[in-house]
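Work through the exercises below with the model open. Each task is followed by a stepwise solution.

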Amino acid sequence: MFAYLIRRTPMAAVAALAAASLGGAAKAPSVVTIGNFTFAAPVVTVPVGATVTWVNGDDVPHTVVATDKSFRSKVLDTDDRFSFTFTRAGSYDYFCSIHPHMTGKVVVTAS
């Protein structure tokens, strides 16, 4: 039956059917790349429950530290990753403790 629906149904309907079959869609993680001494993108907006992952693409170490101390990474060498799942709505400013001019923000919205 699903094969018939996939052949005869527009893609949006197929995606909705797949999400319903799997009990709802999972929240996709957001990725912030660290490169050239910047966080790209400097502002990320995600829903409550989303995970944000920072990836150091620079050839020097960096950190990711929330100004409200809600999260803090270890020193990230090249290609290291740090992830944090946001469970409350709000605005979370962060910076690199090694290079404090590097700043960013995660805006978490109620779903």
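**Exercise 1. Find which residues Thr 38 touches, leaving out residues up to four places away in sequence.**

Solution. 
- Step 1. Note that the model is predicted.
- Step 2. List its contacts beyond four places in sequence. They are Thr 33 and Met 102.
- Step 3. A polar atom of the Thr 38 side chain lies 2.7 Å from the backbone oxygen of Gly 35.
- Step 4. Check the distance to Asn 56, which is 18 residues away along the chain. The C-alpha atoms of Thr 38 and Asn 56 are 10.0 Å apart.

**Exercise 2. Classify Thr 38 and His 62 by relative accessible area.**

Solution. 
- Step 1. Recall the cut-offs: buried is under 20%, exposed is over 50%, and partly exposed falls in between.
- Step 2. Thr 38 has a relative accessible area of 40%, so Thr 38 is partly exposed.
- Step 3. His 62 has 0% relative accessibility, so His 62 is buried.
- Step 4. Of its 111 residues, 29% are buried.

**Exercise 3. Describe the surroundings of His 62.**

Solution. 
- Step 1. Locate His 62 in the loop that runs between strand E4 (51-56) and E5.
- Step 2. Identify a polar contact. The side chains of His 62 and Asp 58 are joined by one of 2.8 Å.
- Step 3. Collect the contacts, again skipping residues up to four places away in sequence. His 62 touches Ile 34, Phe 37, Asn 56, Lys 74, Val 75, Leu 76, Cys 96, Ile 98, His 99 and Met 102.

**Exercise 4. Work out the order of the 4 strands in the open sheet, and say which strands stand at the edges.**

Solution. 
- Step 1. Start with E5 (residues 65-66) and E7 (residues 90-95). They pair in the antiparallel sense over 2 bridges.
- Step 2. Pick out a residue pair here: Val 65 stands opposite Phe 95 in E7.
- Step 3. Move on to E7 and E8 (residues 103-109). Their pairing is antiparallel, over 6 bridges.
- Step 4. Ser 91 has Val 107 in E8 as its bridge partner.
- Step 5. Write the order: E3-E8-E7-E5, with mixed pairing.
- Step 6. Read off the edges. E3 (43-47) and E5 each have a single partner strand, so one side of each has no neighbour in the sheet.

**Exercise 5. Count the aromatic pairs and name the residues in the ring cluster.**

Solution. 
- Step 1. Apply the ring-pair rule, with centres within 6.5 Å. The count is 10 aromatic pairs.
- Step 2. Trace the links. Ring pairs join Phe 39, Trp 54, Phe 71, Phe 82, Phe 84, Phe 86, Tyr 92 and Tyr 94 into a cluster.

**Exercise 6. Summarise the chain: what is its pattern of helices and strands?**

Solution. 
- Step 1. Count the elements: 2 helices and 8 strands.
- Step 2. Read along the sequence. The pattern is α-α-β-β-β-β-β-β-β-β.
- Step 3. Residues 24 or more positions apart account for 48% of them.
- Step 4. Finish with the surface. The chain exposes about 6,700 Å², and carbon and sulfur atoms supply 61% of it.

Terms used. Residues are numbered from 1 along each chain as its sequence is written. This is a predicted model: local features need pLDDT of at least 70, side-chain atom pairs count only at pLDDT 80 or more; totals for chains, interfaces and linings use all residues. Side-chain values use heavy atoms; hydrogens and water are left out. Two strands pair if DSSP finds at least two bridges between them. Rings of Phe, Tyr and Trp (its six-membered ring) pair if their centres lie within 6.5 Å; planes under 30 degrees apart count as stacked, over 60 as edge-to-face and the rest as tilted. Buried means under 20% relative accessible area, exposed over 50%, partly exposed in between (1.4 Å probe, protein chains only). A polar contact is a pair of N or O atoms within 3.5 Å; within protein, one must be able to donate a hydrogen and the other to accept it, and residues adjacent in sequence count only if both atoms are side-chain atoms. Contact means heavy atoms within 4.5 Å. Accessible areas come from the Shrake-Rupley method with a 1.4 Å probe; for residues, only the protein chains shown count as cover.
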